[in-house]
Amino acid sequence: MSMIGKKVGDFAVQAYHDGEFVTVTREDLLGTWSVLVFYPADFTFVCPTELGDLADHYAAFQQIGCQVYSVSTDTHYVHQQWHERSGIVGKVTYPMLADPAHVLARDFDVLIEADGVAERGSFVIDPHGEIVAYEVTSGAVGRNARELLRRVEACQYVARHTGEVCPANWEPGRSTLEPTITLVGQL
């Protein structure tokens, strides 16, 4: 079943952010665009490359009014230690959410029950708390933060421009399409 249009459930989790432990709730997602990026575990191999890539693009996400959150089933204490020990993860300035009770991983349907870890899932959430885009990939395949940023930009564009759609590889400033009967068969 598709997750598109699903409202994010209530939650309150601990996070490591800016050298402190903080609580993040569903209410923190409301009123702004958000991206939740689930990954299997701290102190692994592909995961730090993804979190580092997100850190490198974090300012661009902030410029378009989108908050980034990384999420794993590790505790906030483990996030702190990983942040302090890894040069790549040490660049992270967005909140690192801890989900040891699997509340978020279950709500977003990315929990691998047998292992107690999350799949690699990326979720774009609109200011109303609804999922408007997502992808889940194999644990062996890292994601691209620039593509995730482009996807958020496209979701924001169509939310502001009713009746327009973004074609493949659309970037801000490029032409969009207005689906009408006269366009059928013309592409």
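Before the details, some ground rules. The model is predicted, so local features need pLDDT of at least 70 and side-chain atom pairs count only at pLDDT 80 or more, while totals for chains, interfaces and linings use all residues. Residues are numbered from 1 along each chain as its sequence is written, and side-chain values use heavy atoms, with hydrogens and water left out.

I start with the sheet. Seven strands form an open sheet, in the order β2-β1-β5-β4-β3-β8-β9, with mixed pairing. At the edges are β2 (20–25) and β9, each of which pairs on one side only. On average, neighbouring strands are turned by 25° against each other, direction ignored. On terms: strands are DSSP runs of E with at least two residues, helices are runs of H or I with at least four, and both are numbered from the N terminus. Two strands pair if DSSP finds at least two bridges between them. Axes are lines fitted to C-alpha atoms, for helices over the stretch in contact, and angles run from 0 to 180 degrees between N-to-C directions.

Now, strand β8, residues 120–125. Six of its six residues are buried, so β8 is largely enclosed by the rest of the structure. Buried means under 20% relative accessible area, exposed means over 50%, and partly exposed lies in between, with a 1.4 Å probe and protein chains only. In a regular strand the side chains alternate between the two faces of the sheet. Here R120, S122 and V124 point one way, and G121, F123 and I125 point the other.

What are the partners of β8? On one hand, strand β3 (residues 33–38) runs antiparallel to β8 and is joined to it by four bridges; L36 has F123 as its bridge partner. On the other, β9 (residues 131–137) pairs with β8 in the antiparallel sense over six bridges, and R120 stands opposite T137. The hairpin of β8 and β9 has five residues between the strands, and G129 there takes a positive phi near 85°.

Elsewhere in the sheet, β4 (residues 66–72) and β5 (residues 96–98) pair in the parallel sense over three bridges, with M96 as the bridge partner of S70. Helix α2 packs on the sheet and touches β3, β4, β5 and β8, its direction making about 165° with that of β4. Contact means heavy atoms within 4.5 Å.

Next, the helix pair. The axes of α2 (residues 46–63) and α5 (residues 145–160) come within 9 Å and cross at roughly 30°. That makes α2 roughly parallel to α5, where angles under 35 degrees count as roughly parallel, over 145 as roughly antiparallel, 65 to 115 as roughly perpendicular and the rest as oblique. From α2 the contact uses D53, L54, H57, A60 and F61, and from α5 it uses A145, R146, L148, L149 and V152.

Also in α5 is E153. Is E153 buried or exposed? E153 is buried, with a relative accessible area of 12%. Beyond its neighbours within four places in sequence, E153 is in contact with I64, R146, W170, E171 and P172.

Most residues other than glycine have a negative phi. F43, in the loop between β3 and α2, has a positive phi of about 55° and is partly exposed at 46% relative accessible area. N169, in the segment after α5, has a positive phi of about 65° and is exposed at 57%.
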